[in-house]
Amino acid sequence: MATQSSPPELPDPEALADTFHVYEIDRTAEDGVRYYGEPLTESEQVIHRIAPAFRQRGYRVALKREMGEWVLIAHERSLGVDGIPWLNVGLAVLTLLSTLYAGTRWYGLSVLEDPTAMLAAWPFAAAALGILAIHEFGHYIMSRYHEVEASLPYFLPFPNVLGTLGAVISMNDHIPDRKALFDIGVAGPLAGLVATVVVTAIGVTLPPVEVTRGIVTNIELGYPLLLQGIAAVMGEQLEYANPQLLPNPVVIGGWVGAFVTFLNLLPVGQLDGSHVARSLFGDRLSLVQLAVPVALFGLAGYLVAFEGGRAAGLWAFWGILALVFGRLGSATPLDETPLGPGRWAVGLLTFVLGMLCFVPVPLVITM
């Protein structure tokens, strides 16, 4: 039933009068509290101005156009996990299976000959999924710390030589300020980097594997400076004179962590690098986002001209993705108070560490 007064725990229509003129309020169990009215400024500015008042009362809001009417919808925020997250669990199990299968290829095992071979590939699966999980839970923990509603990680299975496309979390909430945006954005890459260093340090001390069949014999990996430095410190090697010898698959798990970290730190769209850069540079992020696809297409052109096109398609593909991600926009905090020098230092260090995860030719499949 429609009313003219809001529930006692929510802002009164008069409190919104300078931004959104309310002429009707409706409350249902399914749709939350709905304020029908007319925005008195641009829709983005409406949310920016009134969201803090709702957030203080434990609600998030969205402005929509329905049946010719503007409606401001307020939902109660939930920071916990309601019930068993079956989708998250199901995707995690599928990703575990796909990475176990991918691991059998790096160990030179055949599932067709021995189905139990997948169990022997657990070190690779543990390394790759462990890094991805630590990365995403870094985001999740900081989201909880700043009271931003976020999902548990969604792992993405994929039948390639790595067994996965990574993992993501979903944030269906407003970011209160630049500090929260920075902390949530930077926590994943930094946590993932720590896990990558540990996994790689363990992996280089394990014996290499001899692989004589399968697609992995036609894969050349390029190792970024981070992994090369870890191997050097440990007094170990990443490449062998015998072409049939490959680093222990745990090292490949570390390679996955480094590669994912670099890609996530690209400052475009909703990637981690965009959250960090947006919190540091504010609206100037738009200029940075224009430079990213130019740099990626330039790298692809360089590889075509001087490296026989090795990995050029990979970077051209990511250049296209960067254009698409840039069009989707980035997160906008409610409070634009600039960050202090401490977070600036951490942010710049994170981007430097991200560059240590970069290699111009990360992966090439030869036939």
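**Entry 1: valine 361**

I looked up valine 361 and found it in the loop between helix H11 (341-356) and S11. Helices (H or I, at least four residues) and strands (E, at least two) are DSSP runs, numbered from the N terminus. The model is predicted, so I note its limits: local features need pLDDT of at least 70, side-chain atom pairs count only at pLDDT 80 or more, and totals for chains, interfaces and linings use all residues. Residues are numbered from 1 along each chain as its sequence is written, and side-chain values use heavy atoms, with hydrogens and water left out.

Is valine 361 buried or exposed? Valine 361 counts as buried because its relative accessibility is 15%. My cut-offs are under 20% relative accessible area for buried, over 50% for exposed, and partly exposed in between (1.4 Å probe, protein chains only). I also checked valine 361 against serine 43: they are 318 residues apart in sequence and 44 Å apart in space, C-alpha to C-alpha.

**Entry 2: the whole chain**

I stepped back to the protein chain, which has 11 helices and 11 strands. Its C-alpha atoms fill a box of roughly 80 × 45 × 40 Å along the principal axes. Of the 367 residues, 48% are buried.

**Entry 3: salt bridges**

I searched the whole structure and got 10 salt bridges. The criterion is a side-chain nitrogen of Lys or Arg within 4 Å of a carboxyl oxygen of Asp or Glu.

I started with arginine 60 and glutamate 149, whose side chains meet at 3.0 Å, N to O. Arginine 60 is in strand S4 and glutamate 149 in the loop between H4 and strand S6 (154-157), so this pair ties together parts 89 residues apart in sequence. Both ends are out of the way: arginine 60 is buried at 18% relative accessible area, and glutamate 149 is buried at 14%.

Next I took arginine 310 and glutamate 220, a salt bridge at 3.2 Å, N to O. This pair links distant parts of the chain, 90 residues apart: arginine 310 sits in the loop between helix H9 (285-306) and H10, and glutamate 220 in strand S9 (residues 219-221). Here arginine 310 counts as partly exposed at 33% relative accessibility, and glutamate 220 is partly exposed at 35%.

Then came arginine 278 and glutamate 336, with side chains meeting at 2.6 Å, N to O. Arginine 278 belongs to helix H8 and glutamate 336 to the loop between H10 and H11, so the pair ties together parts 58 residues apart in sequence. Arginine 278 is buried, with a relative accessible area of 4%, while glutamate 336 is partly exposed at 28%. I followed the shared partners onward and found Arg178, Arg278, Asp283 and Glu336 joined into one network of salt bridges.

**Entry 4: the largest pocket**

How much space lies in the largest pocket? I noted about 1,200 Å³. For the record, a pocket here is an open set of points on a 1 Å grid over the protein atoms alone, where a 1.4 Å probe fits, with protein on both sides within 12 Å along at least five of seven lines; lining residues have an atom within 4 Å of a point. The volume is the space filled by probe spheres set on the points, which are joined across faces, edges and corners.

I listed 38 lining residues, with Leu165, Gly166, Leu263, Asn264 and Trp318 closest to the centre of this pocket. Elements that give two or more residues to the lining include helix H4 (122-145), strand S7 (164-168), helix H7 (249-264) and helix H10 (312-328). By class, the lining has 26 nonpolar, 10 polar and 2 charged residues. In this scheme Ala, Val, Leu, Ile, Met, Phe, Trp, Tyr, Cys and Pro are nonpolar, Asp, Glu, Lys and Arg are charged, and the others, Gly among them, are polar.

**Entry 5: the second largest pocket**

I put the second largest pocket at about 830 Å³. It has 27 lining residues, and Asp173, His174, Ser330, Ala331 and Thr332 lie nearest its centre. Helix H1 (43-56), strand S4 (59-66), strand S5 (69-76) and H8 each supply at least two lining residues. Which element gives the largest share of this lining? It is H1, with 5 residues. The lining divides into 9 nonpolar, 11 polar and 7 charged residues.

**Entry 6: tryptophan 86**

I ended at tryptophan 86, in helix H2 (residues 86-106). Tryptophan 86 is exposed, with a relative accessible area of 62%.
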